[in-house]
Amino acid sequence: MSTSTDERPATSELEPTRGQRFTGWAANYVDERTSISGLVKELGRKIFPDHWSFMLGEVALYSFIVILLSGTFMTFFFQASMVPVLYDGSYVPLKGIEMSAAMASTLDLSFDIRGGLLMRQVHHWAALLFVASIGLHMLRIFFTGAFRKPREINWVIGFLLFILAMAEGFTGYSLPDDLLSGNGLRIIDGLVKGIPIIGTWISYLLFGGEFPGEDVVGRFYVLHILLLPAILVAALGVHMLLLVINKHTQFAVPGRTNDNVVGVPIMPVFAAKAGGFFFIIFGVIVLIASLFQINPIWTYGPYDPSPVSAGTQPDWYIGFADGALRLVPPGWELELGPFTLSLNVFIPVVVLGLFIVVVAIYPFIEAWITGDKREHHIADRPRNAPTRTAIGAAGVSFYAVMWAAASSDLIATHFKLSIENVTHVIQALLILGPIIAYIVTKRVCLALQKKDREIALHGYESGRIVRLPGGEYIEVHEQLDEYERWKLVSYEDYKPLMLRPNAKGRITAGERLRARASNWFFEDRIAPVTRTDIEKPGHGEH
Amino acid sequence: MRNGTKDSMANKPKTSARRDRGRRHPLATVALIMVGLIGTGGAYALFTTSATAETSAAADAQLDDGAKLFAANCATCHGMALQGTTQAPSLIGVGAAAVDFQVGTGRMPLAATGPQAEEKPVQFTEEQVAALAAYVASKGPGPAIPSEEYLQGDGNAAEGAELFRINCAMCHNVAGAGGALTEGKFAPPLGDVTAVHAYEAMITGPQNMPVFNDANISPEDKANIITYLKYLDETPSVGGYGLGDLGPVSEGLFIWIFGLGAIVGITIWLTAKSN
């Protein structure tokens, strides 16, 4: 950038070419009528740090664009209707079979419309990638503490986007009205009906009568292509706006502070990079879609409530809910007079509900525990927040165990195990896994912090042994330079909050809980190395 | 047809001419027919007797072979008189189809006790399997090896597919990729199962499989199912590589490991500082 400013006087002396004059005129024309230059000035100077993990949200955005494009193509051919028709397309093993118009039109899209199958596969693979990249993006935000003030609201909006993406995925998965999606829908119907008192009413409202009815595909279609995308795009807009207002976080290196952002501006460098990146993502998705089959509805056949195939699973992002249901031990039912309370369905729903609510409000929980009201623009290295990282690892293992449970039958057949044993082991892991993950992660973080501290104080072992004139042997340690050391020593040092009386001179139960939580958060900690530590004699000498 | 009619047209006047002249005895035709009938009947009797003698000799030899093979390989568990022991069920009345399936796919003789007999390389030649099947069938009537007409794979694939989804897919998966049962048992993948073994499995219900007798699913419908299985086997997967036909689990693993893996690799490459 600086070089281009140096050259500017030289170029301005030249007569502008015809092209330059046209660009100038056009830009002026637009600006005089829209005052867009203010916006461009603001947005154009938005800085993006250049760490790979900061591009995951972009991956989600670009796969969403791919989804919109391919989805629009399919709306031209898909019929969201459950009217029964006799299939008469090209796929022989379904010829003459009765199915809904939705299924028949999806088959036509797959076999008889040029490019239709590719578009279907692009849409579905992009959807899987969309949700996966949102998940990974959220993990990055969580483990670097980028959800702290002032970004808590954006975390919640991002979380909402994740839920919307899953809802989009599930409604889309149900549209073709094939056997697999029908079975998935039946499970959702069961989940809804498991809610005491209102469950059956909600189910009848959703399906327009007894499952499966003749309405659900039409209703899901409206949700899938109109309502949910509209909310999603709006939330996405707010998400991006807050991203610009809050600015990006960055990792601590010399020259990067809590008060600046170092990176490349949108205009022109980042815009060019991002444009290229979009086409790379698009290319990867199309490559996958053209080489690998996804959701072969022609094999599943039309939906019929009686057959259920072995190995019936939802798409990966709903897997954790399916797994939670599979892990419920037998006999969890309660009979209250004439009513049966299906705890085997209701409890997993409640547990999952609590889990996602905790995820959604985690920034507020942590802010309350730490009592930290400052703004944070420096991303934490995960090891420097051991308790948070351990909580994250516990949450990830809780999710992953439920996720694995959704494929318990495939684990059993492919590893030649008994499905009962697989289920029992996963049940135990659901409880033990998060505990083990919590303890191990916390210890690993503390150990890494100790290692960092050791290196900051004493430098690296050089492997060079020197014999002193007095006969003593010492190993020479190589000192870090200031830049390297900065990365190791610059992080926040929190201490447990003291239990203090509030303004009225009373110690409330809330304060007590907070002190205990704060103690749990920060009692095991490695203080960052200070300048005095380094300069103290005996350090950094041998 | 055309030639035939021409000939008969041409012959008609001749025969009428003969009758008019009356050169033969009226009973000559009858006698001639008698001679012809006795001749063919005798010859037929002669040839068929000798044929039966040959087949029965061959069948006896086959039964002998079967008995010997059975005594050497099966009797330890199933008993010398096929009566069954505490280790294995009786084989009286299981029929040739059961033997052809179990031995012909290598499931029997059992390699080791376990949740269920697993497929392994076949231990006997086709003749030996046939001998064992004939021997077991001779000890009690049971389902026979299906006739070729049902094994051609020329039935109605659409009806077969529907029957497959209703009757088979809950264990074998809609794409025939197999599935888990209780206690380590499983429904095997159907990709490489021959038509005759698939038919035999339906009529005999090996391992944990239920029996689908002819009242349940007619032989024609079994042929339709086999047609569908053959279609699945022979038609290349539409839309690219099928990832094992395991549905959303393999798709999810693929997008996380290879899809997102590739994209993270690209992000690292894009943000890498040039050396």
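**Stop 1: a helix of chain B and its surroundings**

The buried residues of H6(B) pack against H8 of chain A, and against helix H7 (169-172) and H9 of chain B. Contact here requires C-beta atoms, placed from the backbone, within 7 Å; helices (H or I, at least four residues) and strands (E, at least two) are DSSP runs, numbered from the N terminus. This is a predicted model, in which local features need pLDDT of at least 70 and side-chain atom pairs count only at pLDDT 80 or more, while totals for chains, interfaces and linings use all residues. Residues are numbered from 1 along each chain as its sequence is written, and chains are lettered from A and ligands numbered from 1 in the order in which they are written.

Select residues 157-167 of chain B, which form helix H6. Eight of these 11 residues are buried, so H6(B) is largely enclosed by the rest of the structure. The buried set includes B:Ala157, B:Gly160 and B:Phe164. A residue is buried if 20 or more other C-beta atoms lie within 10 Å of its own, exposed if 12 or fewer, and partly exposed in between.

**Stop 2: two crossing helices**

Select residues 195-204 and 219-234 of chain B, helices H8 and H9. Their axes come within 10 Å and cross at roughly 135 degrees. That makes H8(B) oblique to H9(B), since angles under 35 degrees count as roughly parallel, over 145 as roughly antiparallel, 65 to 115 as roughly perpendicular and the rest as oblique. Axes are lines fitted to C-alpha atoms, for helices over the stretch in contact, and angles run from 0 to 180 degrees between N-to-C directions. For side chains to display, take B:Ala195, B:Ala198, B:Tyr199 and B:Met202 in H8(B), which meet B:Lys222, B:Ile226, B:Leu229 and B:Lys230 in H9(B).

**Stop 3: a hairpin in chain A**

Select residues 460-467 of chain A, strand S9, which pairs with S10(A) in the antiparallel sense over six bridges. Two strands pair if DSSP finds at least two bridges between them. The bridge partner of A:Tyr460 is A:Glu478 in S10(A). Five residues lie between the strands, and A:Gly471 in this hairpin takes a positive phi near 100 degrees.

Is strand S10 (residues 473-478) of chain A enclosed or in the open? Of its six residues, the number buried is zero, so S10(A) lies largely in the open.

**Stop 4: one residue of helix H11**

Finish on A:Val286, in helix H11 of chain A. With 17 C-beta neighbours inside 10 Å, A:Val286 counts as partly exposed.

Terms used: Contact = placed C-beta atoms within 7 Å.
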